[in-house]
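Let's walk through this one together, question by question. Have the model open while you read.

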Amino acid sequence: MTLLHVSAIETFYGPSQALFGVDLNVGEGEVVTLMGRNGMGKTTTIRSICGMTPARMGRIEFAGAALSGLPPHRIARLGIGLVPEGRRCFPNLTVQENLVASARAGKWTLGAVKSLFPRLGERLRQHAKTLSGGEQQMLAIGRALMTNPRLLILDEATEGLAPIIRQDIWDAIRKLKADGQAILVVDKTMDEVLGVADRCVVLEKGKTVWSGRPQNLTEELQGKFLGL
Ligand code: ATP
């Protein structure tokens, strides 16, 4: 079943148009990666889905319900958990306080997040601002999971993190996938993202220009669309 259906959305920042027709679908249990060079509209697509920069045209449906006109907190409550670019957490709250602040009933409890990210489990009483970048990203993912989302959205999942920590994040994403979690992910680490994705959606100048299975995203297409 299609969980998220995005059709022909057009989004603006004031008078300036950023999206010119983005289409994408995420099915139950599916991992989809949104790709494209810098400035092509990946973050704007995510902001449109989550209601932070609502689309002016087109349609977004989640679990069969239209999202247009809903504020971000209502969209989140329908079951979309966002890990934004820059991994925002409450800096002066402890790890545990950050996690429980967003909690909603479901299988993702403090204990479940601790077993996914043992490093967080060791730092429950530390203030979020004292964590490393990688630990803050684990916390941001943990916070999103504590809402027990039907769809997890990760914008720049591993950007700016040390290679060893990136591996921990990818391991966690693979575990979530194996557990049946639907995920929409943006990341520039091609090998990892293509290894975990069921499907890829490529944006160019604010428009979906290609979608398909990772094995069909040939080197030629990667060169053409992603400049690799
Ligand atoms: P990156 O990989 O660099 O994060 P992206 O694919 O996520 O890029 P977006 O950040 O969605 O791209 O940007 C799409 C377009 O919208 C770009 O032309 C960008 O300059 C513009 N844009 C993004 N944020 C704003 C904003 N707050 N105000 C005006 N224009 C913006």
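Q: Which residues of α1 are buried?
A: First, a caveat: this is a predicted model, where local features need pLDDT of at least 70, side-chain atom pairs count only at pLDDT 80 or more, and totals for chains, interfaces and linings use all residues. Residues are numbered from 1 along each chain as its sequence is written, and side-chain values use heavy atoms, with hydrogens and water left out. Helices here are DSSP runs (H or I, at least four residues; strands are E, at least two), numbered from the N terminus, and buried means under 20% relative accessible area, exposed over 50%, partly exposed in between (1.4 Å probe, protein chains only). On that basis, the buried residues of α1 are K42, T44, T45, I46, S48, I49 and C50.

Q: Why is α1 described as largely enclosed by the rest of the structure?
A: Count the buried positions in the helix. The helix is largely enclosed because the buried residues of α1 number 7 of the 9.

Q: Which helix gives the largest share of the shell around the ligand?
A: The ligand is surrounded by 13 residues, with G39, G41, K42, T43 and T44 the closest; being near means having a heavy atom within 4 Å. The largest share of that shell is 3 residues, and they come from helix α1.

Q: Which residues have the most contacts inside the largest nonpolar core?
A: A nonpolar core is a set of buried Ala, Val, Leu, Ile, Met, Phe, Trp, Tyr and Cys residues joined through side-chain atoms within 4.5 Å. The largest one has 45 residues, and helix α6 (residues 133-146) supplies its largest share, 7 residues. Those with the most contacts inside this core are M35, L154 and L217.

Q: What is the relative accessible area of N148?
A: N148 is in the loop between α6 and β7 (151-154). Leaving aside neighbours within four places in sequence, N148 is in contact (heavy atoms within 4.5 Å) with R104, A105, G106, K107 and W108. N148 counts as buried because its relative accessible area is 17%.
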